[in-house]
Amino acid sequence: MFSRIETETTEKAAMPKTVNPSKYLGNELSYLEKVLNSESWSATGGSWVQSLEREFARKFGVRYAVAFNSGTSTLHAALEAGGVRPGDEVISPGLTVIMDTTATIHANAIPVYADVDPETFTIDPADVARKITPRTKAIVPVSLYGLPSDMDALMDLAAAHNLTVIEDNAQAVLSLYKGKLLGAIGHMASYSFENSKHISCGEGGMIITDDEKYAEMARKIGGHGFKNLRAEEGRIRLNQDVFQDPDYKRHDVLGWNYRLPEFNAAVALSQLERVDELVEMRIKSARMFMDAMSYCDYLIPQKTPEGSTNSYYTLGVIYRGDESIGASWKEFRKAYIRNGGDGIYAAWSVPYLEPVISERQFAGRYPEIYENVRYEKGLCPVAENVQKKIMQFKTNYRDLELAARKAEALKTTIDDFRS
Ligand SMILES: Cc1ncc(COP(=O)(O)O)c(C=O)c1O
């Protein structure tokens, strides 16, 4: 197995520059070998998850970081740790992935959608205010494509209505809001280490918070509810004399197994060591694309408000070429690919029009809660409108020459449609 990895390294080194270089440019391989040689491949006894949590908390300037096996299990655990109970309402944006919705339903709560700003694509606090009811318990602002939401306005609403704010920062790493690092503004923040993310270990996630009670509860929810889990400590077999006693009672919270394996932690830790560079590469790639479209009036990048920065998970752009050059979204995408560009991704469908939600597949799991819950087209008109127009340009280039060539392909495409 180890020699297979070595072979891949050699092959990758010889690859032509049209291919993105390997993702493991740091200590991933040596760390993985150390995990393999260790006795515990699980965080219950190992130290890699602990190291990752410590370094993640340090990097984000928070007291606690709790590792999870995805950026969805983080959301589910954060909602429950934040006090969301069956029948409560959780407000999330109309433009985001499905996971903010599914995590809410898995917490037996009711997803409520607030519309988004047409230029930043992030949740509109004015619509959040309209959607708050006596049953609202939490707000989940999503830092879409890497851009922070209007956190001050959301935190003011949360304070006025006693709501928990869980930042979904799966796509935003080291983004700034009013000059402050995003992640410590809400009560908790959720990150994903899924394959496409800034920091990746295949699958994984992290909750960060300054609040001990949220950290402890999130860790218990994600760790089978072991009673000896603490905000800062994920190992459970610390004292064998106690743990091996037949009378020992272990569990005081209803939990799941959402733990991150040590292997994933080792890879994520190595990526975290290079996170500034990883984020910078995405920002530089996004800038190249924005430069390429700067003289084009039908490709309008996501607006970055004064004081915020975007860590550009992708570059989100509104496409208005239907009117100005007579080419449809799909025609423009095909032309870009013909010119050597990578595929352009669409924004995901608004979550409530995904069949699993619009067809109410969730209703049967808790009929008394979901009996009157229905979602229809028109709920968030801005989100529905911009969703169809958004183009996401890939920024995950680990060779800026390659990114430059893709940006050149975009420029050529724009020029082609001009002539
Ligand atoms: C905004 C957002 N939230 C949540 C998730 C869920 O993360 P994961 O795929 O790690 O479960 C993702 C990524 O897929 C995401 O982009």
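Analyst: Ala189 stands opposite Ile208 in S9. The model is a predicted one.

User: How is S8 joined to strand S5 (residues 164-168)?

Analyst: S5 and S8 run parallel and are joined by 3 bridges. In this pairing, Ile166 has Met188 in S8 as its bridge partner.

User: Why is strand S8 (residues 188-192) called largely enclosed?

Analyst: A residue is buried if 20 or more other C-beta atoms lie within 10 Å of its own. In S8, 5 of the 5 residues are buried, so the strand is largely enclosed by the rest of the structure. Met188, Ser190 and Ser192 point one way, Ala189 and Tyr191 the other way, and all are buried. In a regular strand the side chains alternate between the two faces of the sheet.

User: Which sheet holds S8, and in what order do its strands lie?

Analyst: The sheet is open and has 7 strands in the order S1-S9-S8-S5-S4-S2-S3, with mixed pairing.

User: What makes strand S1 (64-68) and strand S3 (110-114) edge strands?

Analyst: S1 and S3 each pair on one side only. Neighbouring strands of this sheet are turned by 25 degrees against each other on average, direction ignored.

User: How do you know that strand S2 (residues 89-93) and strand S4 (residues 136-139) pair?

Analyst: The requirement is at least two bridges. S2 and S4 have 3 bridges and pair in the parallel sense, so they count as paired. Glu89 has Thr136 in S4 as its bridge partner.

User: In what order do the strands of the antiparallel open sheet lie?

Analyst: The 4 strands of that open sheet are ordered S10-S11-S13-S12, and the pairing is antiparallel. S10 and strand S12 (345-346) are its edge strands, each pairing on one side only.

User: What makes S12 and S13 a pair?

Analyst: S12 and S13 have 2 bridges in the antiparallel sense. The criterion is at least two, so this pair meets it. Tyr345 has Gln392 in S13 as its bridge partner.

User: Which bridges tie S11 to S10 and to S13?

Analyst: Strand S10 (residues 299-301) and S11 pair over 3 bridges in the antiparallel sense, and Leu299 stands opposite Tyr319 in S11. S11 and strand S13 (residues 390-394) pair over 5 bridges, also in the antiparallel sense. Within that pairing, Leu315 has Phe393 as its bridge partner in S13.

User: Why is strand S11 (residues 314-319) called largely enclosed?

Analyst: In S11, 5 of the 6 residues are buried, so the strand is largely enclosed by the rest of the structure.

User: Why are helix H4 (residues 73-81) and helix H5 (residues 99-106) called oblique?

Analyst: H4 and H5 pack at an angle of about 45 degrees, with their axes 9 Å apart.

User: Which residues surround the ligand, and of what classes are they?

Analyst: The ligand is surrounded by 13 residues, the closest being Ser70, Gly71, Thr72, Ala170 and Ser192. By class, the shell has 4 nonpolar, 7 polar and 2 charged residues.

Notes:
Residues numbered from 1 in each chain as written. Predicted model: local features only at pLDDT ≥ 70, side-chain atom pairs only at ≥ 80, totals over all residues. Near = placed C-beta within 6 Å. Nonpolar A, V, L, I, M, F, W, Y, C, P; charged D, E, K, R; others polar. Axes fitted to C-alpha atoms, helices over the stretch in contact; angles between N-to-C directions. Buried ≥ 20, exposed ≤ 12 C-beta atoms within 10 Å, placed from the backbone.
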